[in-house]
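Here's a quick walk through a structure, from rings to strands to the core. Have the sequence and the 3D view open as you read.

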Amino acid sequence: MPKLKTHTGAKKRFKLTKNGKVKRAHAYKSHILTKKDTKRTRRLRHSTYADKTNVATIKLLVPYK
């Protein structure tokens with residue numbers, strides 16, 4: 001069986017926990033922040049877990065994490 005290539009975009013965006021959950025960052029936190037409420041940008045700082053419907057796909061993209 002040949003080695004699988006890791007998806008470089010997914011490698012940068014996702015981390016796997018010990019229990020197999022996929023951690024991700026919130027979107028909409030990179031630019032045009034002046035019009036966004038301070039409370040909203042503060043909430044976007046915190047990480048969250050990927051939805052269970054996407055976990056299998058993400059794990060295929062990062063096979064060796």
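## Rings and charges

Rings of Phe, Tyr and Trp (its six-membered ring) count as a pair if their centres lie within 6.5 Å; planes under 30 degrees apart are stacked, over 60 edge-to-face, and the rest tilted. By that rule, the structure has zero aromatic pairs. This is a predicted model, where local features need pLDDT of at least 70 and side-chain atom pairs count only at pLDDT 80 or more, while totals for chains, interfaces and linings use all residues. Residues are numbered from 1 along each chain as its sequence is written, and side-chain values use heavy atoms, leaving out hydrogens and water.

Tyr49 does have a charge over its face: Lys21, at 4.8 Å from the ring centre. (The cut-offs are NZ of Lys or CZ of Arg within 6 Å of the ring centre and within 35 degrees of the ring normal.)

## The sheet

Three strands form an open, antiparallel sheet in the order 1-2-3. Strands are DSSP runs of E, at least two residues, and helices are runs of H or I, at least four, numbered from the N terminus; strands pair if DSSP finds at least two bridges between them. Strand 1 (15–16) and strand 3 (48–49) are the edges, each pairing on one side only.

Strand 2 (residues 22–24) meets strand 3 over two bridges, and Lys23 has Tyr49 as its bridge partner there.

## Core and helix

Which residues make up the largest nonpolar core? Ala10, Phe14, Val22, Ala50, Val55, Ile58 and Val62. Such a core joins buried Ala, Val, Leu, Ile, Met, Phe, Trp, Tyr and Cys residues through side-chain atoms within 4.5 Å; buried means under 20% relative accessible area, exposed over 50%, partly exposed in between (1.4 Å probe, protein chains only).

Over in helix 1 (residues 8–13) sits Thr8, which counts as partly exposed because its relative accessibility is 44%.
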